[in-house]
Amino acid sequence: MHANGCTLFVIAFPWVTWLTPFPISNGVAMRIICDTHIPLFWANAPSHLSVSAATALEKGRQEGQLAIADISLSEMALLHERGRLLLADDVPAVEYLSRLLQALNLSVLPITAEIAVLSRSSIFQHGDPADRLIAATALHGRWPLITADEKLRALPDLQCIW
């Protein structure tokens with residue numbers, strides 16, 4: 001969920017209407033994985049982002065490199081359900097999430113068998129299954145993870161941006 005446990009209030013966020021294919025390097029799509037709180041900070045509380053995170057997020061957005069694990073969508077819906085992500089009355093949660101995905105040019109990555117098994121491995125001391133899946137997605141693809149989560153940033157093989 002949120003790294004600092006704060007409630008987010010939604011006012012507005014920039015609207016982006018183009019779609020950019022992922023850049024390819026050595027035959028592999030280059031991606032930057034975003035932890036669940038990162039798109040929410042970008043849209044609602046940009047001051048919560050570190051300079052490095054904001055820079056990587058903007059560069060990744062412009063180059064079409066940003067992605068989230070599919071579990072992040074469920075986490076965002078849960079935040080809304082529990083009143084920790086407040087939307088304007090006329091904005092349904094599904095519309096907000098869809099707009100957020102488009103505005104950040106975010107790709108949603110599925111959980112694969114390899115990611116599921118990796119998320120249960122002993123390298124993780126983190127108890128939150130969603131965070132384990134998000135980190136396992138980044139590890140499996142050998143992609144950096146933008147996160148404020150100190151437990152995830154402490155993982156020795158996980159390249160984190162913060």
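By contact I mean heavy atoms within 4.5 Å. The model on the screen is a predicted one.

Cys34 belongs to the largest nonpolar core, which has 25 residues. Together with Trp42, Leu57, Tyr96, Leu100 and Ile146, Cys34 touches the most other members of that core. Which elements give two or more residues to this core? They are β4, at 32-34, α1, α2 at 51-63, β5 at 66-69, α3 at 71-81 and α4 at 93-103. The largest share, five residues, is from α1. There is also a second, separate core of 17 residues, with Leu109, Ala135, Ala136 and Leu155 among them.

Back to α1, residues 37-44. This helix is mostly covered, with eight of its eight residues buried. The buried residues include His37 and Asn44, as well as Phe41 and Trp42.

Next, the pair α3 and α4. Their axes are 11 Å apart, and the packing angle is about 135°. Angles over 145 degrees would count as roughly antiparallel, and 65 to 115 as roughly perpendicular; α3 and α4 are therefore oblique to each other. The crossing of α3 past α4 is right-handed.

Which residues meet there? From α3 we have Leu73, Met76 and His80, and from α4 Ala93, Leu97, Leu100 and Leu101. By class, that contact has six nonpolar residues, one polar and no charged ones. Leu100, you'll recall, was also on the list of core residues touching the most other members.

Terms used:
Residues are numbered from 1 along each chain as its sequence is written. This is a predicted model: local features need pLDDT of at least 70, side-chain atom pairs count only at pLDDT 80 or more; totals for chains, interfaces and linings use all residues. Side-chain values use heavy atoms; hydrogens and water are left out. Buried means under 20% relative accessible area, exposed over 50%, partly exposed in between (1.4 Å probe, protein chains only). Helices (H or I, at least four residues) and strands (E, at least two) are DSSP runs, numbered from the N terminus. A nonpolar core is a set of buried Ala, Val, Leu, Ile, Met, Phe, Trp, Tyr and Cys residues joined through side-chain atoms within 4.5 Å. Axes are lines fitted to C-alpha atoms, for helices over the stretch in contact, and angles run from 0 to 180 degrees between N-to-C directions. Angles under 35 degrees count as roughly parallel, over 145 as roughly antiparallel, 65 to 115 as roughly perpendicular and the rest as oblique. A crossing is left-handed if the near helix is turned anticlockwise from the far one by less than a right angle, and right-handed if clockwise. Ala, Val, Leu, Ile, Met, Phe, Trp, Tyr, Cys and Pro count as nonpolar, Asp, Glu, Lys and Arg as charged, and the others, Gly among them, as polar.
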